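Here are a few exercises to work through with the model on your screen. Try each one yourself before reading its solution.

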Amino acid sequence: MQRKDRYKAFVEYFSSHQPDAETELNYTNPFELLVAVILSAQCTDKRINQITPALFERFPDAPSLADATPEEVFKYIRSVSYPNNKSKHLVGMAKKLISEFGGIVPSDIKDLQTMPGVGRKTANVIASVVFNAPAMAVDTHVFRVANRIGLTRNATTPLAVEKQLVKFLPQDRIYVAHHWLILHGRYICVARNPKCHVCPLTWFCKYYEQTQTVKALLKAESDIRRKKAEGKKKIAAKKIAGRLKAIEIDVNN
């Protein structure tokens, strides 16, 4: 299958079955999403959703967060990964958001990346989720699924994956394709023991094709070895039967 056909199959399936896929992070405005995405780095969305209600109640906007100390923020996020660094990033982000952007989350990816705690992936998430921009945030799920399905080729870095996906996906589908890949990787195409038996994409998935080919070859080799072993057993059995018959004739004589 050519790559363009693979992309077409991918887009057609999810456009029909998950047309409105969205982030699983809970938020009510761009500021809350920015905070949640910063916190979600190397942490699960489930954990973030558990701690953000109290955090947002205490710091509902950029001014209130900018006036806080990292130590105060730490109390609310202590259960996430790297809470010390993230508490500093959040306060620094809020201060920058006020001083540089008037307290409004910018839509430009370069502007977003000037704030503490906001890397390329986080900036792409905000741009795509809030502004439906054709930006592709590449996390471990996107990286894994895109390579397994065959949407990317020889893409060994997140940036390489991002560039190929942005190049070949329809521009108006990039923002939602990010969620398609994440959710598929989170629930079906998991890192260990992917659930190929329930996956609807196996008919065009390179990973499935390769693993099935390998399994078929191993099975064929196993069958050959089994038949050879059975043949040797039959020959040995015939030899033993012949010897027994010869002994029986000697005894009778």
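This is a predicted model: local features need pLDDT of at least 70, side-chain atom pairs count only at pLDDT 80 or more; totals for chains, interfaces and linings use all residues.

N154 is exposed, with a relative accessible area of 78%.

**Exercise 1.** Find where N154 sits and what its phi angle is.

*Solution.* Start with the place: N154 lies in the loop between helix 9 (140-149) and helix 10 (158-168). Next, check the backbone: phi is about 55°, a positive value, although N154 is not a glycine. Finally, go back to the surface: at 78% relative accessible area, N154 is over the 50% cut-off for exposed.

**Exercise 2.** Look at K86 and work out which side chain of opposite charge is nearest.

*Solution.* First find K86 in helix 6 (residues 83-101). Then look at what surrounds K86: leaving out residues up to four places away in sequence, K86 touches I38, L39, S40, A41, C43, I77, V80 and S81. Now for the charge: the nearest opposite side chain is D45, 9.7 Å away. A salt bridge needs a nitrogen and a carboxyl oxygen within 4 Å, and K86 has none, even though K86 is buried.

**Exercise 3.** Step back to the whole chain: how many helices and strands are there, and how spread out is the chain?

*Solution.* Count first: the protein chain has twelve helices and zero strands. The radius of gyration is 29 Å, well over the 18 Å that the globule rule gives for 253 residues, so the chain is more spread out than a compact globule. For the outline, the C-alpha atoms fill a box of roughly 115 × 40 × 30 Å along the principal axes.

**Exercise 4.** Find what share of the residues is buried, and how far apart the mean positions of the charges are.

*Solution.* Begin with burial: 39% of the 253 residues count as buried. End with the charges: the chain has 39 positive and 24 negative ones, and their mean positions are 12 Å apart.

Terms used
Residues are numbered from 1 along each chain as its sequence is written. Side-chain values use heavy atoms; hydrogens and water are left out. Helices (H or I, at least four residues) and strands (E, at least two) are DSSP runs, numbered from the N terminus. The radius of gyration is taken over C-alpha atoms; the globule rule is 2.2 Å times the number of residues to the power 0.38. Buried means under 20% relative accessible area, exposed over 50%, partly exposed in between (1.4 Å probe, protein chains only). Lys and Arg count as positive and Asp and Glu as negative; His and the chain ends are not counted. The place of a charge is taken as NZ of Lys, CZ of Arg, CG of Asp or CD of Glu. Contact means heavy atoms within 4.5 Å.
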